[in-house]
Amino acid sequence: MPLSRRRFLTVSAGAGAALGAAPTPARAAGRPRPFGRYGSPSARLTPGTLYVHPGGAGDVTTVRDAVAAANGTGHTLVIAPGTYRETVAVDRTRTAMTWIGASEDPRDVVVVYDNAAGTPKPGGGTHGTTGSATTTVQADGFSARWITFANDWLRADHPDITGTQAVALKVQGDRSAFHHCRFLGHQDTLYADSTALGTFARQYFSHCYAEGDVDFVFGRATAVFEQCHFRTLSRTDLAGAPYGFVFAPSTAGANPLGYLVTRSRVSSEAPDGSYKLARPWVPSSDTTARPMLTVRDSRLGPGVDAVAPYANMSDAYPWQAQRFAEYRNTGPGAAVTVPANRPQLTPRQARSATRAAWLGDWEPWKEVC
């Protein structure tokens, strides 16, 4: 039986591991240590370290309160296991902030809420796509490890709402890094974006897991996804394919670099061929956008439509006029049956499609906690 968003948050550790979660580290016997190897309020790692514990064993009980207390730059939040049902925003002034899931297992620390674009706001109107985000990060230099960012809004619960975009994380800052994190939602799960049209924000996702159905990784950031797992969900509200799209980049026309997916995989719980790999998003706010996506050295499972893996979001901006390319992918979803539908890099072009080329002098893969 397919997992709903809420059931997923409570699955057993074994099932979570099967879906790509990081392995659980061995836990020492004896007195519980809610903050693992990262100290405690009585043994603070640094003056700028704050401890979050839902039961009161930390400095604060919510992630939102920890962010509010972390004025300025360079703060670290160590977050104890728990489900934190709240919305959180890291504004531009809180630079170089780090979130650490204390157990070093992303299944244990979940930040989740259930707003959608069409959800009414208390003061009138609706949230819109951006306002639906459970977590919003605008600050530069943000990093997170072993955190689950989720939006558990479900279409079936709200048949009267047509704005079904429901963002788990919107990240806009430059030099934003996520290691061993999960992004759970349905439509528009992970919004990898920038703060302004002329700002080319660099972002890095390593050993992460993202799932959804419609455009569930989208935005205009310069983003590298390395050794990540993307999983497409089944749907009972549609009569047939396509069920959705994994990527929907909206790269600015002036930006030479969009999304790079490398050494990753796409799996599915939906029937074979139910999903497109991508479609270009040219938003009304930037009709000069030229979406860019390169998928290389990755495994595309049977859920991807191998014959026609790309589609238009608007016929005015055909995908063939955008910057989509593949290189040396494997799996049934990568089979080249219609060459015109599978643009490929040449070996020479592939030598320039690397994380180093995308991220320049920033090397987040060398970061340690």
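Biologist: Two strands count as paired if DSSP finds at least two bridges between them. This model is predicted. How many bridges join S18 to S21, and in which sense do the two strands run?

Modeller: Strands of a sheet pair through backbone hydrogen bonds, in a parallel or an antiparallel sense. Here four bridges join S18 to S21, and the two run parallel. Within this pairing, Arg 231 has Ser 267 of S21 as its bridge partner. S18 is also joined to strand S15 (residues 209-212) by four bridges, again parallel, with Ala 210 partnered by Phe 230.

Biologist: In what order do the strands of the open sheet of eight stand?

Modeller: The order is S3-S6-S9-S12-S15-S18-S21-S24, with parallel pairing. Strand S3 (82-85) and strand S24 (299-300) each have a single partner strand, so one side of each lacks a neighbour in the sheet. At the S24 end, two bridges connect S24 with strand S21 (residues 265-268), and Arg 265 stands opposite Arg 299.

Biologist: Which way do the side chains of strand S18 point, and are they buried or exposed?

Modeller: In a regular strand, side chains alternate between the two faces of the sheet. In strand S18 (residues 229-232), His 229 and Arg 231 point one way, while Phe 230 and Thr 232 point the other way; all are buried.

Biologist: What is the strand order in the open sheet of seven?

Modeller: That parallel sheet runs S4-S7-S10-S13-S16-S19-S22. Its edge strands are strand S4 (88-90) and strand S22 (275-278), each pairing on one side only. On average, neighbouring strands are turned by 15 degrees against each other, direction ignored.

Biologist: How many salt bridges does a search of the whole structure find?

Modeller: Side chains of opposite charge can pair when their charged atoms come close. The search of the whole structure finds 19 salt bridges. One of them joins Arg 202 and Asp 361 at 3.3 Å, N to O. Arg 202 lies in strand S14 (residues 202-206) and Asp 361 in the segment after helix H6 (355-359), so the pair ties together parts 159 residues apart in sequence. Arg 202 is buried at 19% relative accessible area, whereas Asp 361 is exposed at 72%.

Biologist: Which residue forms a salt bridge with Lys 276?

Modeller: Asp 305 does, with the closest N and O atoms 2.9 Å apart. Asp 305 lies in the loop between S24 and strand S25 (323-327) and Lys 276 in strand S22, so parts 29 residues apart in sequence are tied together. Asp 305 is buried at 18% relative accessible area, and Lys 276 is buried at 13%.

Terms used:
Residues are numbered from 1 along each chain as its sequence is written. This is a predicted model: local features need pLDDT of at least 70, side-chain atom pairs count only at pLDDT 80 or more; totals for chains, interfaces and linings use all residues. Side-chain values use heavy atoms; hydrogens and water are left out. Buried means under 20% relative accessible area, exposed over 50%, partly exposed in between (1.4 Å probe, protein chains only). Axes are lines fitted to C-alpha atoms, for helices over the stretch in contact, and angles run from 0 to 180 degrees between N-to-C directions. A salt bridge is a side-chain nitrogen of Lys or Arg within 4 Å of a carboxyl oxygen of Asp or Glu.
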